[in-house]
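The following paragraphs walk through a protein model, from its overall make-up to single residues. Please keep the sequence and the coordinates at hand while reading.

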Amino acid sequence: MKLILSSIFLVIISATQQCNDNKSQTKSSPAGWTDQSTQQTGPSGNQNQSAQETVTNPQNTTQQVETTQQQQQQQAQDPANFRLSVSFYSIGTGTDQAAREKFDKFIAEYTPKVTAQSKRWGREGEIDYCFRLAELTPQQQADFVKKAREVLASSKLVHVNENAPCRN
């Protein structure tokens with residue numbers, strides 16, 4: 001009997017010790033994480049330069065913007081991509097019919113006229129509209145995309161993507 005009680009006591013003590021060890025580990029930073037402000041070095045190799053200074057370097061920001069613009073141009077030139085795709089989706093309660101009717105009215109009344117491919121894909125009224133907008137100038141395309149986003153801004157059940165493939 002004493003042997004059983006002492007075994008249980010040892011198990012409880014070791015479990016408590018492991019819990020305390022885990023608590024002290026979670027208070028420190030997780031394994032593999034480092035404090036970026038002390039590990040990064042600046043252009044001169046000085047480790048005292050902060051991470052914020054490194055991130056806000058104007059040369060890096062310019063390079064990132066140029067890379068993003070190049071990626072957008074490549075996406076726009078890909079023949080599989082559409083200039084604008086609008087997807088009305090559902091999370092189990094149907095699509096936002098009011099937003100869809102408002103968008104259909106916007107398309108019908110927009111001048112110059114635009115054409116869209118549409119594809120129904122769900123059981124609750126899900127539908128995608130895919131626009132190439134080849135009939136519009138680049139400025140008109142930008143205007144159409146801006147106005148379409150404004151029309152759809154109030155709906156949470158719509159995905160709007162630019163220069164991306166469409167489902168259909």
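A residue is called buried here when its relative accessible area is under 20%, and exposed when that value is over 50%. By this criterion, 26% of the 168 residues in the protein chain are buried. The model is a predicted one.

The protein chain holds six helices and four strands. Read from the N terminus, its elements follow the order α-α-α-α-β-α-β-β-α-β.

All four belong to an open sheet with the order β2-β3-β1-β4, and the pairing is antiparallel. Because β2 and β4 are the edge strands and have a single partner each, one side of each lacks a neighbour in the sheet. On average, and with direction ignored, neighbouring strands are turned by 20° against each other. The pairing of β1 with β3 runs over five bridges in the antiparallel sense. Within this pairing, F88 has I127 of β3 as its bridge partner.

Helix α5 lies across β1, β2 and β3, at about 25° to β3. Helix α6 packs on the sheet as well, where it touches β1, β3 and β4, and its direction makes about 10° with that of β1.

Which residues of α6 are buried? They are Q141, F144, V145, A148, V151 and L152. These residues lie on the same side of α6, because the arc they cover around the axis is only 125°. An α-helix has 3.6 residues a turn, so residues three or four places apart point the same way. Q139 and K146, on the other side of α6, are exposed. The buried residues of the helix pack against β1, α5, β3 and β4.

Q141 sits in helix α6 and counts as buried because its relative accessibility is 15%. Leaving aside residues up to four places away in sequence, Q141 touches R83, L133, A134 and L136.

The largest nonpolar core has 21 residues, and those touching the most other members are V86, F88, F103, F131 and F144. At least two residues of this core come from each of β1 (81–88), α5 (97–109), β3 (127–131), α6 (138–152) and β4 (158–165). Helix α6 makes the largest contribution, with five residues. What does V86 touch, if residues up to four places away in sequence are not counted? Its contacts are F103, I127, D128, Y129, F131, L152, V158 and H159.

A residue outside the helices and strands gives a contrast in accessibility. T111 is located in the loop between α5 and β2 (117–120). Its relative accessibility is 65%, and T111 therefore counts as exposed. The C-alpha atom of T111 is 9.7 Å from that of Q140, and the two residues are 29 residues apart along the chain.

Technical notes
Residues numbered from 1 in each chain as written. Predicted model: local features only at pLDDT ≥ 70, side-chain atom pairs only at ≥ 80, totals over all residues. Heavy atoms only, no water. Core = buried A, V, L, I, M, F, W, Y, C linked by side-chain atoms within 4.5 Å. Buried < 20%, exposed > 50% of the residue type's maximum accessible area, 1.4 Å probe, protein only. Contact = heavy atoms within 4.5 Å. Arc of directions from axis to C-beta. Pairing = 2+ DSSP bridges. Axes fitted to C-alpha atoms, helices over the stretch in contact; angles between N-to-C directions.
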